[in-house]
Amino acid sequence: MTLACAGIGIGVIRSIAIGEAWHLRRGRIEARRRFISAAEVEDETARFRQAVEAARQDLKAVRDHIPKSTPTDISAFIDTHLLMLEDAALAEGPLETIREQHCSAEWALQLRCNALVQVFDEMEDPYLRTRKDDVTHVANQIQKHLQARQDKPVGAEDLNGKIILAQDLTPADTILMRNQGIAAFVTEFGGPMSHTAILARSLGIPAIVGAHHATQYLQQGELLIVDARRGVVLADPDERMLEHFRKQLAAEQAHTASLQALVDRPSVTADGTAITLMANIELPEDIKATAGVDAAGVGLYRTEFLYMNRDSPPNEEEHLETYRRVIEGLNGIPITIRTLDLGADKEVERCCHAPPPASNPALGLRAIRLCLKEPELFRPQLRAILRASAFGPVRIMIPMLSNIQELRTVKSLIEEVKGELKREGLAFDSAIPVGGMIEVPAAALAADSFARHLDFLSIGTNDLIQYTLAIDRIDDEVNYLYDPLHPSILRLIQQVIQAGRAAGKPVSMCGEMAGNPLYIPLLLGMGLREFSMRPGSLLEAKRIVRSSDVGRLTECVKDLMARIDEEDPVQLLSQLNSATH
Ligand code: PEP
Ligand code: MG
């Protein structure tokens, strides 16, 4: 028996799966070049229109069968594809080509699809570049009808426990397969920000994306091990290897089950320090997960999804209705609503008020900068957040602050809005706490000043690392430089925690670092007492908190910080973690 490492890609859910390979043949459907006579042009355009309509009916049928329990953003993916079917570029463009070039509908569609894919390919933003997959998916749906292809529908086979291999997956396929109990999937295309990856995360399916040539090397029916923690697929494993991974899988499952016992246990360190563990949420549906892990609150509610896939910004009532539902669903735990953070990595197609293209969007009109420039975007949200505070404990959090003047402007806007609401007789919490994200190095260096002007601080490590180390957080090429342990990052974090403490203001962390088990002891030793993370990471964080001795960690972290410039930070962290657990 040989063991082949069949592919290396990007692991999406840090988990293992073992199962039989199942090829889902859903590659791009190619068309042959074919020309028609002038007399055939009208029939050909009619044939194209029928194919578009048939593709629309297919997608609608999938959308109508999405189980109620799945997050709403999944239907939004399908809606995006439906909208593309209405877009002139795909739905009308080929008609022109048929008329002008006298070619078949299949060939006209392929030409149009190639041109669109090239436009996306040339985009600088890696997130937008991945949107070309959507164009291909939609074109395939039409092509399938034009070529009368009878792909076996997903659902016609028993996929339970199978590891799906595909060049790429459509959101529709992903949803249908998840409902059939697939063990994992591996795709050749797609990056960490692709729709497929986002869906896998949202649906909790172990997945590897971007595993080039995986469908060529892996055989139908052969046994595979997907190690999504490392982004590798192992093919045809021998008994020893299989045994090793089966044990790991069983240990992983046992560990997850054992964490359930911690749900009702207090989040207190072994030496008696209370630690606040909160959840990051994005969709109203994340509330269930938050309640399931008994989070102390929501430390970051990202509101960008409210603005996606629409032509005009949500109005005040829409904001309010969404926030009210979230607050009621949280049963009284406090929620920190972050105001709109649009721009850079949170660029969304077809988003109303998307910032104009910038040569460097991460440094451009993003987040609070955009909101202050476009009050009609910001005001309805501020009014709604304030009004929502009448339904439960709400805090406002401002992203990407970089100077105090900006903060003063935001605060006076909030006061203005409060005055309006008072005059209109609308209820709100007049003492609503206003906090800020510390995610720009300038703000971290001036944290003492921000701490004086704000009610709380929250460290956004995702951006703080990006901006401090000058690396685009979604650019694969420089991902290797993304280093939470860089001495500059650790110093900035420590400085913010100390500034908050000196001013008597709570400091939390809501970037990915807060939920990573590796860094929690370090952060505790630095003095961090509030953490906010994906709900799925919270019980593991509680386990670490409960077994930590903050007194000892404080001493060890002092020592680590004294040695950080001279020694390897990874080694130092590993020594800290093994000495304190
Ligand atoms: C951060 O930057 O760390 C953060 C939590 O915000 P986002 O990831 O939404 O930019
Ligand atoms: Mg951020």
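Colleague: In which helix is Glu540 found?
Modeller: Helices are DSSP runs of H or I with at least four residues, strands are runs of E with at least two, and both are numbered from the N terminus. Glu540 lies in helix α22 (residues 535-546). This is a predicted model, in which local features need pLDDT of at least 70, side-chain atom pairs count only at pLDDT 80 or more, and totals for chains, interfaces and linings use all residues. Residues are numbered from 1 along each chain as its sequence is written, chains are lettered from A and ligands numbered from 1 in the order in which they are written, and side-chain values use heavy atoms, with hydrogens and water left out.

Colleague: Is Glu540 buried or exposed?
Modeller: Buried means under 20% relative accessible area, exposed over 50%, and partly exposed in between (1.4 Å probe, protein chains only). Glu540 has a relative accessible area of 16%, so Glu540 is buried.

Colleague: Which residues is Glu540 in contact with, beyond its neighbours within four places in sequence?
Modeller: Contact means heavy atoms within 4.5 Å. By that criterion, and with those neighbours set aside, Glu540 touches His255, Leu259 and Pro517.

Colleague: Which protein donors does the magnesium ion (ligand 2) have?
Modeller: Donors are N, O and S atoms within 2.8 Å of the metal (3.2 Å for Na, K and Ca); water is not among the atoms, so sites may look incomplete. Here they are Glu439 (OE) and Asp463 (OD), at 2.0 to 2.2 Å. Glu439 sits in the loop between β13 (434-438) and α17 (441-445), and Asp463 in helix α19 (residues 461-469), 24 residues apart. Glu439 is buried at 2% relative accessibility, and Asp463 is buried at 2%.
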